[in-house]
Amino acid sequence: MFATLARGVVRHPWWTIGAWLIVAVLVGVFGPGLSSSNDQAEFLPAHYESVQAGKVQDVAFAESGGGSAGTFVVQRRYGDQTVVAGVSPQIIWADAPARPAR
């Protein structure tokens, strides 16, 4: 089956290109519209960690205007915060235990 298809494509390359162009035009005309969104809640379930972290960020930093330079989502093992503390000394610890001593 694939050998026959491959032979047809090799023997008639312009027909193949034309067929793909026709398919692309038909999909563009009759296909559903695409909308862009930056809101993860629209397509991710609420139980995903990134959605939960976004909700916590919105509540904790509501007065900052909603923008952020970067978001770190860290999973700690055994309550160890030394790795996170080493990544960035500017991380604000909201509702977290005291920072470990350096």
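This is a predicted model: local features need pLDDT of at least 70, side-chain atom pairs count only at pLDDT 80 or more; totals for chains, interfaces and linings use all residues.
**The chain as a whole**

The chain has four helices and zero strands, and its order along the sequence reads α-α-α-α. I then checked burial across the chain: 5% of its 102 residues count as buried. Next I looked at contacts with a separation of 6 or more, and residues 24 or more positions apart account for 3% of them. For the surface, I noted that the chain exposes about 9200 Å², with carbon and sulfur atoms supplying 63% of that area.

**Back to H2**

H2 covers residues 13-30. I compared its span with expectation: from first C-alpha to last, H2 reaches 26 Å, close to the 26 Å expected at 1.5 Å a residue.

**A nonpolar patch**

Which residues make the nonpolar surface patch of about 550 Å²? I found Ile 22, Val 25, Leu 26, Val 29 and Phe 30. Is Val 25 buried or exposed? Its relative accessible area is 52%, and the cut-off for exposed is over 50%, so Val 25 counts as exposed.

I also jotted down a general point to keep beside the patch list. An α-helix has 3.6 residues a turn, so residues three or four places apart point the same way.

Methods:
Residues are numbered from 1 along each chain as its sequence is written. Side-chain values use heavy atoms; hydrogens and water are left out. Patches are made of residues with over 30% relative accessible area and no salt bridge: like charges are joined within 9 Å, nonpolar side chains (Val, Leu, Ile, Met, Phe, Trp, Tyr) within 5 Å. Accessible areas come from the Shrake-Rupley method with a 1.4 Å probe; for residues, only the protein chains shown count as cover. A salt bridge is a side-chain nitrogen of Lys or Arg within 4 Å of a carboxyl oxygen of Asp or Glu. Helices (H or I, at least four residues) and strands (E, at least two) are DSSP runs, numbered from the N terminus. Buried means under 20% relative accessible area, exposed over 50%, partly exposed in between (1.4 Å probe, protein chains only). Contact means heavy atoms within 4.5 Å. The expected span of a helix is 1.5 Å times one less than its number of residues.
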